[in-house]
Structures are given as structure tokens and as C-alpha cells.
Amino acid sequence: MKLTFYKFQGTGNDFVMVDNRQNIFDKENTERIAFLCDRRFGIGADGLILLENEKDLDFKMVYFNSDGNESTMCGNGGRCLVAFAKHLGIIKDSASFNAIDGLHKASIKEGLVSLQMKDVEEIKEKPNAVFLDTGSPHHVQMVTGLEDYQVKKEGARLRYGVYGEKGSNINFVEQIDATSFSIRTYERGVEDETLSCGTGVTAAAIAMHKTGKTTNSEVFIKALGGDLNIKFEVNNKVYSNVFLTGPAKFVFKGEIDV
Ligand SMILES: N[C@@H](CCC[C@H](N)C(=O)O)C(=O)O
């Protein structure tokens, strides 16, 4: 059988997109999903996303990591899915969709997608890190010398050593100025560093605010694959109206034998 797919990327976090409104895709076939994401034998991507029908909403997002397993929320994937829905003519300039962590609202203008992320209430401050869930679990740690940091080695050590079977995504952050930070992320389920992670960037912005590294409610984050912007409100220690904004681009469309 031939599968029609679309490739999108958001600040270098890349995804295979499949229009699954007709239920054509076998979600149980973990090996096949991993094959489609494989950079040598398949299409190549950090994850695969299905666009599905959802009652009373524009669509539903189903996300799989490149290891073939369904996982928690993907911020860059959500932004790319909004661009994909626009590409397919399902939406115009705004969208409401369901993902594994609930309802998301988004807008798209001139290739920039702004995605509302879930509210964040529980933030664990550790001796040299912060742990929080922005739709996916994130460990955020300040480092110096981020450019030369051993992200894969340290990320894997923390992901398996500290967070056990379930694991966590691991973010290393360095401050640039009062409102900007650089980030590098080790992603669970990819088991490697990716060029950007939307829920990670969101977690880093909130962690930097929570720990007083910035007092701004708009934070600018530089990932290896591009720049993202996070805005939020804080009331009674709850971070709400969290918006992740950045580019999301169509790369190519193709067909593959599955
Ligand atoms: N790249 C994503 C995060 C995807 C989920 C993550 N790998 C996990 O399994 O926790 C993003 O942009 O948020």
C-alpha cells in the first residue's frame, strides 16, 4: 500500500504528517511508525503526527515519537499540525483542536503559529534544576558553556538515571540577557538531542520566570533550529494563557510503500 505523507518542520523539529480523517493509518504498528521516522531507511523525522476528525473542533492531534510509540504533547508538532491543517484547507487563520493533554487554541499568520499550551501549576524546584509538565515532562537545568555541552550524554544519564522508566525530556539552558535564553534539549522517545522542542522551550521560559532569572512575562528562547517566543500570565503561582509562537513550515509531500 502507498501512504501519502507531508513533511513539516518547526524550528528544525521535524515531523511526518498524515491526514487520517478517513482512518487509513494503523496506529498499533509501532515498527512501521519507527520506520517512517527513520532517517536512513524511511522518510526521516523526530516524530509522526496524525490529523484526525474531532467532534465540534477543527481536528484532533495524535502524536508518536520517532521510536514509534504514542507520547505526550508535542508543542512544535502542534504548531506544525496547525500549518498542515491550513495547507489542507481545513482551517483559515485560527484553530481549536484536541491533543492528549486537552484543548488547544492556535492562530497562524505569515507562517508564524501561536499555540496555546496547557496551564502550569505544579513546578518542582530541585537543588540545580526545575521539573514541570507543559504537556510533556521536562527537566530544566542551567549550565554554562551550552555550546560545547555534552547534551546527548548528560541528557541520557538524567533521563534514565533520575526519571526512571517513564523518563523525562532534559533541557539545558544558558542565560543571554534579562529576557532571552539559549536552550539545547535531549528528547525522550527520540533518545537524542533535537534541534528544538516546543514543550521544552515553554518549560524553560516558565522555569526561568519561576526561579527569578527573568521577571518578564514574555521570554525569548534560542534553540539550535531557530527562535521561539513564549508569553504567559501568572496569577496565584499558576501560569496561564501560555502561548508558544514561532515558524512552522511545509517541507515536502510524498508517497511511501508501507
Ligand atoms: N518535540 C516535542 C516534544 C515531543 C514529546 C517528547 N519527546 C516526549 O515524549 O515527552 C515538542 O516540541 O514539544
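User: Are Phe232 and Tyr239 buried or exposed?

Analyst: In this predicted model, both Phe232 and Tyr239 are buried, a label that requires a relative accessible area under 20%.

User: Why is the pair of Phe232 and Tyr239 called edge-to-face?

Analyst: The ring centres of Phe232 and Tyr239 are 5.3 Å apart, and rings count as a pair if their centres lie within 6.5 Å. Their planes stand at 70 degrees, and an angle over 60 counts as edge-to-face, so the pair of Phe232 and Tyr239 is edge-to-face.

User: What makes the pair of Tyr6 and Phe84 tilted?

Analyst: The structure holds nine aromatic pairs, and one of them joins Tyr6 and Phe84, with 4.8 Å from centre to centre and 50 degrees between the planes. Stacked would need planes under 30 degrees apart and edge-to-face would need over 60, so an angle of 50 degrees makes the pair tilted. Because Tyr6 belongs to strand S1 (residues 2-10) and Phe84 to helix H2 (residues 75-87), the pair ties together parts that are 78 residues apart in sequence. Both Tyr6 and Phe84 are buried, and together with Phe8 and Phe250 they form one aromatic cluster.

User: How do you know that the charged end of Arg159 sits over the ring of Tyr160?

Analyst: The charged end of Arg159 is 4.2 Å from the centre of the Tyr160 ring, and the rule asks for a distance within 6 Å, together with a position within 35 degrees of the ring normal. The charged end of Arg159 is accordingly listed as sitting over that ring.

User: Why does Lys222 count as partly exposed, whereas Asp14 counts as buried?

Analyst: Lys222 has a relative accessibility of 41%, and since buried means under 20% and exposed over 50%, that value falls in between, so Lys222 counts as partly exposed. Asp14 has a relative accessibility of 9%, which is under 20% and therefore makes Asp14 buried. Lys222 is in strand S14 (residues 218-223), whereas Asp14 is in strand S2 (residues 13-19).

User: What links Asp14 to charged residues elsewhere in the chain?

Analyst: Asp14 is part of a network of salt bridges with Lys7, Arg39 and Asp46. Lys7, Arg39 and Asp46 are also among the residues that Asp14 contacts, when its neighbours within four places in sequence are left aside.

User: What makes Thr202 buried, and which residues does Thr202 contact?

Analyst: The relative accessible area of Thr202 is 1%, and because this is under 20%, Thr202 is buried. Thr202 lies in helix H4 (residues 198-210), and its contacts, leaving aside neighbours within four places in sequence, are Met117, Thr134, Ile230, Val242 and Leu244.

User: How do you know that Lys2 and Asp257 form a salt bridge?

Analyst: A salt bridge needs a side-chain nitrogen of Lys or Arg within 4 Å of a carboxyl oxygen of Asp or Glu, and the closest N and O atoms of Lys2 and Asp257 are 2.9 Å apart. Lys2 lies in strand S1 and Asp257 in strand S17 (residues 249-257), so this pair ties together parts that are 255 residues apart in sequence. Both Lys2 and Asp257 are exposed.

User: Why does the pair of Lys152 and Asp192 pass as a salt bridge?

Analyst: The distance from N to O is 3.8 Å in this pair, and because the rule asks for a distance within 4 Å, the pair passes. Lys152 is partly exposed, with a relative accessible area of 44%, and Asp192, at 28%, counts as partly exposed too.

Technical notes. Residues are numbered from 1 along each chain as its sequence is written. This is a predicted model: local features need pLDDT of at least 70, side-chain atom pairs count only at pLDDT 80 or more; totals for chains, interfaces and linings use all residues. Side-chain values use heavy atoms; hydrogens and water are left out. Rings of Phe, Tyr and Trp (its six-membered ring) pair if their centres lie within 6.5 Å; planes under 30 degrees apart count as stacked, over 60 as edge-to-face and the rest as tilted. Helices (H or I, at least four residues) and strands (E, at least two) are DSSP runs, numbered from the N terminus. Buried means under 20% relative accessible area, exposed over 50%, partly exposed in between (1.4 Å probe, protein chains only). Contact means heavy atoms within 4.5 Å.
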